[in-house]
Amino acid sequence: MAQIITVNNTDELPSWQKELANAIKNPLQLLQLLDISPQSLQFSDAARKSFPMLVPHPFIRKMKKGDINDPLLKQVLPVADEQLISPDYSFDPLQEHESAVPGLLHKYKSRVLLILKSGCAVNCRYCFRRHFPYQDNNINKKQLQEIITYLKAHPEVNEVILSGGDPLMSKDDFLHYLLKELSLLPQLTRLRVHTRLPVVIPARITEQLCEILKQTRLNVVFVLHINHGNEIDRDFKDAMLKLKEAGVQLLNQGVLLKGVNDNSQALIALSEALFDAHILPYYLFLLDKVQGAQHFDLAEKKAQQLIQEMSIALPGYLVPKLSREIAGQKSKTVINSL
């Protein structure tokens, strides 16, 4: 479960950490900020207790006040459907709970995934790691050395993927240390960062972080997680421009979510907005079948139809690969359009 961070004195924190410390954790408070009556929208306190709610103010400001069907609100509000148990869904849909060494997943031959942080800046209700045993996979500098040793013993690995939680929950100083350690391994050529933090708190892209990324010899790729065009605003676009100027390749992977982006108009608008923010669409995933998120699921045939409609309306480089991840497979499984 993602951790909730409580800070008593935020005066000396960087602006992004202040936003994180002040994030909304109570559904009633969130609805009040959006001028939505609690009686008009069903939320679940039980769902919040099993998987805490966490929503930063910059993300809330992108939501439309008074709109109970706002696509950003639907991604973060705990609802009663999360408490349903379905035999077709799992607490570990990708079979990730067994790591190579603590904090390291080696699912694919040439790349490893490092669970750098257990916390996120936003708790998305469809998260496939909502039941992940983060307490067994926290990373400090000592454990990082164990990971370095593992990588040295596996020269076939040429790419490290930073994930979590959200890897950008790490402070810039630790990221600097991490990149220096990884860059000493001659086998590594790429560093990939999977993050949603700049989407919900654009101020996370600091000048110090950009300078760190400029200095590393590794080719750096950021894979953002954006599901709807309304998530892209001026502050976020400015943050992406900073990353682009630091030499970072920007990609996006989204998830098809019922009631959020399950129509071609929304997906086409998302691709156009991504490109305008210097980001290329990469993957569009079918929902990982995790317990608690089944109400977001969408039929594969419907997804194929949506991709076909996108392909007609957009150039090929703006059409993401429709895919799903199947536990035990050696790569993502790409699903062709109809």
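**Note on a predicted model: loops and helix pairs**

1. Asp 35 lies in the loop between α2 and α3. Helices here are DSSP runs of H or I with at least four residues, strands are runs of E with at least two, and both are numbered from the N terminus. The phi of Asp 35 is near 55°, a positive value in a residue other than glycine. For background, most residues other than glycine have a negative phi. Asp 35 counts as exposed because its relative accessibility is 55%. The cut-offs for relative accessible area are under 20% for buried, over 50% for exposed and in between for partly exposed, with a 1.4 Å probe and protein chains only.

2. On the source: this is a predicted model, in which local features need pLDDT of at least 70 and side-chain atom pairs count only at pLDDT 80 or more, while totals for chains, interfaces and linings use all residues. Residues are numbered from 1 along each chain as its sequence is written, and side-chain values use heavy atoms, with hydrogens and water left out.

3. Leu 34 is also placed in the loop between α2 (27-33) and α3 (45-50). Is Leu 34 buried or exposed? Leu 34 counts as buried because its relative accessibility is 2%. Leaving aside neighbours within four places in sequence, Leu 34 is in contact (heavy atoms within 4.5 Å) with Ile 60, Met 63, Lys 65, Gly 66 and Leu 73. Leu 34 and Lys 64 are 30 residues apart in sequence, and their C-alpha atoms are 7.2 Å apart in space.

4. The protein chain has twelve helices and nine strands. Of its 338 residues, 54% count as buried. Among contacts in the chain with a separation of 6 or more, 82% join residues 24 or more positions apart.

5. Helix α6 (residues 141-152) packs with helix α7 (residues 172-183) at an angle of about 25°, and their axes are 11 Å apart. The α6 helix is therefore roughly parallel to α7. Axes are lines fitted to C-alpha atoms, for helices over the stretch in contact, and angles run from 0 to 180 degrees between N-to-C directions. Angles under 35 degrees count as roughly parallel, over 145 as roughly antiparallel, 65 to 115 as roughly perpendicular and the rest as oblique. From α6, Lys 141, Leu 144, Gln 145, Ile 148 and Leu 151 meet Phe 174, Tyr 177, Leu 178, Glu 181 and Leu 182 of α7.

6. The twelve residues of α7 reach 16 Å from the first C-alpha to the last, close to the 16 Å expected at 1.5 Å a residue; the expected span is 1.5 Å times one less than the number of residues. Which residues of α7 are buried? They are Asp 172, Phe 174, Leu 175, Leu 178, Leu 179, Glu 181 and Leu 182. These buried residues pack against β2 (111-117), α6, β3 (159-164), β4 (190-195) and α9 (207-215).

7. Helix α11 (residues 264-276) and helix α12 (residues 300-313) have axes 9 Å apart and pack at an angle of about 50°. The two helices α11 and α12 are therefore oblique to each other. Their contact involves Ser 264, Leu 267, Ile 268 and Ser 271 of α11, with Leu 306, Glu 309, Met 310 and Ala 313 on the α12 side.

8. His 278 lies in the loop between α11 and β7 (280-285). Its phi is positive, about 70°, although His 278 is not a glycine. At 34% relative accessibility, His 278 counts as partly exposed.
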